[in-house]
Amino acid sequence: MNDIAREIPAEDAFADIEQRFWSMHKASRTQPPPGEAERRQSLRALRRAISATSAEIIDAVSRDYGWRSPAETLMAEIVPSLIIVRDALANLSAWMRPEPRSSGVLFWPARNKIIRQPKGLVLIIAPWNYPVHLVIGPLAAALAAGNRVIVKPSEFTPATSAMLKRCLEGALGANRVTVATGGAEMAQGLCQLPFDHILYTGSTAVGKKVMQAAAANLTPVTLELGGKSPAIVHESFDLPLAALRIMRGKLLNAGQTCIAPDYVLAPRKQIEAFTELARKTAGGLYPRLLDNPDYTAIINQRHYDRLAGLAADARSRGARLIVADPAGELAPGEVGAPAQRKMAPVILSGLSDDMAVMREEIFGPLLPIVPYDSLDEALAYVNARPRPLALYYFDEDRRRISHVLERTVSGGVTVNDTLYHFAQEKLPFGGIGPSGMGAYHGRDGFSTFSHAKATFVQARHTMTSHLAPPYNRLFDWLMRFAVRRNGGRAIRR
Ligand code: NAD
């Protein structure tokens, strides 16, 4: 038995989790919702749990990946998890405060307010690619909003999932947060339970199944899905800088990032130059591949084979592949080292739509470069395809930037760099259409997991007492007033 098998407990049985669900569900209906102090306590406990286990987190994620760069786990899992919790703690009072809204003149002097209440018991389903942050991010928002939570982490990161179970249930109590380890069957079973909200992060194909299952209970869903996110480079932009920023975004986690630039649209006359810059830049970022601690492996054999298959399919259909292997570590003709599941950065050109790499989300270090002749042609290319999760545009001209922002629809955008819109707690993060629905992060996450309860508080003496029979002259006057005030023309009854 190897180390991983020894340390990882058996997956949870669905019957146990279902029992836990009903106990948490009952608690969410019978116990008062947590006030601000209790929510702060939960968030602080979450923060302590992350800090106390950061070394374990780095180790567990790396074991799950075969190798995950410790720097990346620190930068893209632990630090953003701490940031999201800190932001929730800093803003909780403001988020929880009832929001006054004015009432119409006819209802004067009644008052309106929106009270944000916990939805109750929510389900968070997470993928493997950022197995900690994509659990902690939504979890912090759900706890800030006062919910009880069942988390279903990915079965492809068993060491991390087991660690999360131990650490989250230990820190928060299993009646506040339960972690359900297990595979697709566990996730499917959970989706059939009457949760008050489901936040799912993962593939578009599974997202549809989640929504279908949730529909049976009319459970609202937030779907954080994937897709092919384009990076468009304008000819006037500093090409080496664009190559650097695109390759950094592409190669983080060896391309296994939902918002990684999937492909590049570059001016036709700059294709050669960009391809060469991309290769050189990749070599500068990762001078060695196999034993480079900064370069992450592909999560499992299935995904390695899938990526190698995408490269082979493109090659067999006439694409040119440039493999960034600066230290010459790979066997001739190979795009990676299957034994270590390390895949080289591969830049592809000469592409056509029949190639799988141009149809499927890549989710790995392969970067197709597509030429365009005019900016509008590049935008038409993007708009002819499913709406992406992210879009990147490199240009300094404000008029053209506005044009691109106006003429494309994507979940989010970073201008003149990649990925960073995700890291902004003040911006909502989410997709549109096939790349997702709904959003979270910061206040938007709090809102996602809260019910915005419309509350009308009537006054003792009120104008509305005249809006009832017997309809008299004051009523007529009020109606004439209301019609005129709202732009209508005098009406007689
Ligand atoms: P996946 O869809 O295979 O799995 C994600 C989760 O779904 C796992 O926990 C899994 O157990 C669960 N699951 C599997 N079958 C299910 C079912 N029938 N019903 C409910 N849940 C089920 O996705 P993945 O391969 O783990 O993740 C990769 C995808 O996720 C990519 O498309 C990527 O773009 C996307 N992604 C999106 C974001 C985002 O924030 N938008 C972030 C990371 C990854």
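Strands here are DSSP runs of E of at least two residues and helices are runs of H or I of at least four, both numbered from the N terminus. One thing to keep in mind as you look around: this is a predicted model.

**Stop 1: a proline in a loop.** Select proline 109, which sits in the loop between β1 and β2. Most peptide bonds are trans.

**Stop 2: the aromatic pairs.** How many aromatic pairs does the structure hold? The count is 12. For one of them, select phenylalanine 107 and phenylalanine 456, whose rings are edge-to-face, 6.2 Å centre to centre with 85 degrees between the planes. This pair links distant parts of the chain, 349 residues apart: phenylalanine 107 belongs to the loop between β1 (99-101) and β2 (111-118), while phenylalanine 456 is in strand β18 (residues 450-457).

**Stop 3: another cis bond.** Move on to the loop between β18 and α16 (473-485), where you will find proline 470. The bond from proline 469 to proline 470 is cis, and its omega is near -5 degrees.

**Stop 4: two domains.** Colour residues 3-225 and 440-451 as domain 1, then 230-430 as domain 2. Their C-alpha centres are 30 Å apart. Domain 1 puts 27 residues into the contact and domain 2 puts in 30. The size of an interface is often given as the accessible area lost when the parts come together. Between domain 1 and domain 2 about 2200 Å² is buried, with 51% of it on carbon and sulfur atoms.

**Stop 5: across the interface.** Which residues form a salt bridge here? Select aspartate 87 and lysine 426: their closest N and O atoms are 3.0 Å apart. Across the interface of domain 1 and domain 2, 1 salt bridge is found. Show polar contacts as well, and the count between the two domains is 15 residue pairs.

Next, highlight α4 (54-65), α5 (70-96), α6 (133-144) and α15 (442-448), the elements that each give two or more residues to the side of domain 1 that touches domain 2. Of these, α5 gives the most, with 7 residues.

**Stop 6: inside a helix.** The structure has 24 salt bridges by the rule used. For one of them, select aspartate 59 and arginine 63, whose side chains meet at 3.5 Å, N to O. Why are these two about one helical turn from each other? They are 4 residues apart in helix α4, so about one helical turn separates aspartate 59 from arginine 63.

**Stop 7: a positive phi.** Finish at asparagine 416, in the loop between β16 (412-415) and β17 (436-437). Check the backbone of asparagine 416: phi is near 65 degrees, a positive value in a residue other than glycine. Most residues other than glycine have a negative phi.

Note on methods. Residues numbered from 1 in each chain as written. Predicted model: local features only at pLDDT ≥ 70, side-chain atom pairs only at ≥ 80, totals over all residues. Heavy atoms only, no water. Domains from an automatic or database assignment. Contact = heavy atoms within 4.5 Å. Buried area = accessible area lost by both parts, 1.4 Å probe. Salt bridge = Lys/Arg side-chain N within 4 Å of Asp/Glu carboxyl O. Polar contact = N/O pair within 3.5 Å; in protein donor to acceptor, adjacent residues only side chain to side chain. Phe/Tyr/Trp six-rings, centres within 6.5 Å; stacked < 30°, edge-to-face > 60°.
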